[in-house]
Amino acid sequence: MVYDDFAKLNKNAVLATLAAELADAGNSVSRLGAALKTADAALSSDFRNSTPIGILVRLRAQVVDRLLLHLWRNCANTDNDIALVAVGGYGRGELHPGSDVDIMLLANRHLSVQTEQVISEFLTRLWDIGLEVGHSVRTVADCRREAEKDLTVATTLMETRLLAGTDQAYNAMVATVSADQIWPSKQFFAAKRAEQIARHHRYDDTAYKLEPNVKGSPGGLRDIQMIGWVAKRHFGVNTLDELVEHHFLTPGQLQRLHDGQDFLWRVRFGLHVLTGRCEDRLLFDHQINLAKLLGYEDASFTLAVEQLMQRYYRTVMELSRLNEMLLQLFEEAILMNPVATPVPLNRRFEVKNDFLQTTSDDVFANDPSALLELFLLLQQHPKIRGVSAYTVGLIRRNLSLIDEEFRQNPRNHRLFLGILRAPEGVTHELRRMNRYGVLGLYVPAFGRIVGRMQYDLFHAYTVDEHTLFVVSNLRRFALQRFDHEYPDCSPLMQSFEKPEIVYLAGLFHDIAKGRGGDHSELGAVDAEAFCLEHGMSQYEARTVAWLVRHHLILSTTAQKKDIGDPDVINEFAALVGDNTHLEYLYVLTVADVRGTNPTLWNSWKATLFHDLFSLTRRAFRHGLENPIDREQLILEKKEAVKQQLQGTGIDAQKIQSAWVQLTEDYFLRYRKGEIAWHTEVLIRSDLQSEYGFADVRQQVVGDGIEAILYAPRQEHTFAHATAILAELGMTIVDARIVPLANDFNLDTYVFMETDDRVQVDDTRLIKIRRALTNMLTSTDHRAVNVTRRAPRKVRLFSTKTTVSFDQDLAGRHTIMDLVAADRPGLLSTIGRIFIERRIDTLTAKIMTIGERAEDAFYIVDDRGAPLSDALCDKLRGQLVARLDSESLD
């Protein structure tokens, strides 16, 4: 069946049924509402049966047309010169199931009281039958006045249809808001361009958010409408198709616009069907169900939802590219001098009106390397504003030239490395290369990750967008104007003789995502081959490959291992090998974590990473053949802390008295600044109290809160303290329990506000201190109930609990690695199970990966020994059963 026949069939079925129901409904609100529900149900069914989406959005507008006209005609005593006008999206004749129905009642003069009452009754009935109506009542003069001062009103009035009433007022309105009266095309274009820039800023200037807005995000439906508005204002055209006649679009570009619009329409229509309301956000709540509704199925290495989202991201990337190119064409036609004299750069390129363009249409065909040279020229001439729209089109039409022969050409190798080595514009041009489709063809493995999303809360961006964020972060380290942002990383990055090594590691570190297998290993193979092909030395290629292979190791070691243990540092240093690899790895790790999710990076992670970096660098200075011993490290810490405290006037004897009960493990596991604070607290507190004491402070360096608990050695303290902090809205990032020589424990916690507040006032600290103190003095040892629920996004994911055990390097305790669904009170639940199994916690290393907790616990049995295999098995079974059952609640 051809498209037109299919359209007629659908129209006949839906509209014929509606006509019959309207004929019997009269003014009955209930029967009219039922008729609307029947029509919407039929459209929903047609959607599920894959009816072309263009039919459905226009058919729904026609359904609403019939309902409005039926009610309008049944309203008595309306003035004859009132016009009922559809505006906005409804004016274009395009409606989705939950779209607002925007109408305007247009009159030549102010309305009589009787007419106002009739209109009020009309609007009330529209709302009563279930339509979401937005309305205005205006005269022609009102329209002119409102449109002059509000660009949004002017834009809305450009898209109108006369539904009923006299066309005299309607024609007058159209004439009075036309481009020759208000908002001429030059002014209109500039204002709409600024409006789009502001809208894109609200979405962080990226189309790759994991919960994008189908309508407003960059590359969304609003960007398509933007093209239409400017075209209509400048050329007077009513459809995008007419731009082909004006040579502003090629037939191929027009088809891509239509295809992109149809896909986004289908996504939006599906969201409205699923939610039963106007919902334009592709929230995690809806993505899985929408993928199923649209017919996607899970594949070997890619979930159905990931396939849907990858198509979404690739679609909006193409639409963003078309939007940029067409708006630039409009800018050249509307704002620029069409007869400006081009300034030649070389035989292939010239600059006209501050935009780079080719000297002829066959430049790329005659010299394919110019497809890379163009980006290098933009770096070398930073005053150039961009690439002319026509040249962007030429690039797109010549992408097929980037083939295997192109990729093996030594000149292209030099050009690409030249782009990476340029002093300015590296990230900017890599992003442009990705946007124009060049990067994914020159590095085919990169092309496979374009638009690839990972369905979790840890990765806030698609893989390609994250990768370019990582390179961008590395570039900020390299530029002196950003030294204040990254005082630890910037000096290192700026000292590298070959910064392209770490740029390439950033480009390749996630390039094998979605293939199955270990993406780090697979990416390392790709990276080494690429570097060798591009003429880099074997040492450089192997260094890039090593960084890709081990790009996660610094982060996981810092967050999951006890880096206060010299054995851990020595093992890590042996893996890294030398200071050069350590420095590369450190800057890459910081750039990677910062580029994964804006909410993940905090001062606690920064401190952990820098501590591991500093301790490892010290191990290199000491020599791997002469590993640092525990006694030396403890002695150095004590001496440094003594000097610091004595400098504040604290007597050496008081310091020594406070340290009497502290063990060697304590001095190994804490930083000098932490030891100094703990010592001050111990000196001013009553160590003879049978209940102990608690104190809290905001971290001196960082945005976390620290708590110290000096308490009798009781098994419930960890479970109760973590529950109290969770109930207070805290996210715990570190917990350490140090047994003292006097049957007390020194417990410390580092935590942050769940809502990411950086500044915590004194009132908040007092509340936390009081809650922890009350816990210590309470004789009620029953479990503390955590009533806070996990956030909406977290509850959407199901994470199976896994538990594994290992022994520490010295065999002093057992290390339990646990992966489970994150939730408030998780640590408390684990602590209660430890109580039941008579297990003592020494350290808890907390790492939250989006919706998933990946925590490491350093534990011993009730004799202070590592856990037996039998106890490990029992503990594993109990944790899995309890945590998985709780995650289902």
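The protein chain contains 40 helices and 17 strands. The model is predicted, and the exercises below refer to it.

**Exercise 1. The chain as a whole**

State what percentage of the residues in the protein chain is buried, and describe the span of its C-alpha trace.

*Solution.* Begin with the burial: of the 889 residues in the protein chain, 56% are buried. Next, take the principal axes, along which the C-alpha trace spans about 100 × 70 × 55 Å. Finally, consider the contacts between residues at least 6 apart in sequence: 71% of these join residues at least 24 apart.

**Exercise 2. The packing of H23 and H25**

Determine how helix H23 is oriented relative to helix H25, and identify the residues that make the contact.

*Solution.* Step one is the geometry. Helix H23 covers residues 463-478, and helix H25 covers residues 500-508. Their axes come within 8 Å and cross at roughly 160°. Angles over 145 degrees count as roughly antiparallel, so H23 is roughly antiparallel to H25. The handedness of this crossing is right-handed.

H23 contributes Thr467, Val470, Val471, Leu474, Arg475 and Ala478, while H25 contributes Val502, Tyr503, Gly506 and Leu507.

**Exercise 3. Two histidines**

*Solution.* First locate His286, which lies in helix H13, residues 284-293. Apart from neighbours within four places in sequence, His286 is in contact with Leu271, Leu274, Thr275, Arg277, Glu279 and Arg281.

Now locate His484, placed in the loop between helix H23 and helix H24 (490-495). The side chain of His484 reaches the backbone oxygen of Arg481 at 3.4 Å.

**Exercise 4. Positive phi at Asp204 and Asp205**

What is the phi of Asp204 and of Asp205, and in which loop are these residues found?

*Solution.* Asp204 has a positive phi of about 60°, although it is not a glycine. For Asp205, likewise not a glycine, phi is positive at about 55°. Asp204 is found in the loop between helix H9 (185-202) and helix H10 (221-235), and the loop between H9 and H10 is also the place of Asp205. As to accessibility, Asp204 is partly exposed at 46% relative accessible area, and Asp205 is partly exposed at 46%.

Terms used:
Residues numbered from 1 in each chain as written. Predicted model: local features only at pLDDT ≥ 70, side-chain atom pairs only at ≥ 80, totals over all residues. Heavy atoms only, no water. Helix = DSSP H or I, 4+ residues; strand = E, 2+ residues; numbered from the N terminus. Polar contact = N/O pair within 3.5 Å; in protein donor to acceptor, adjacent residues only side chain to side chain. Axes fitted to C-alpha atoms, helices over the stretch in contact; angles between N-to-C directions. Parallel < 35°, antiparallel > 145°, perpendicular 65-115°, else oblique. Left-handed = near helix turned anticlockwise from the far one by under 90°. Contact = heavy atoms within 4.5 Å. Buried < 20%, exposed > 50% of the residue type's maximum accessible area, 1.4 Å probe, protein only.
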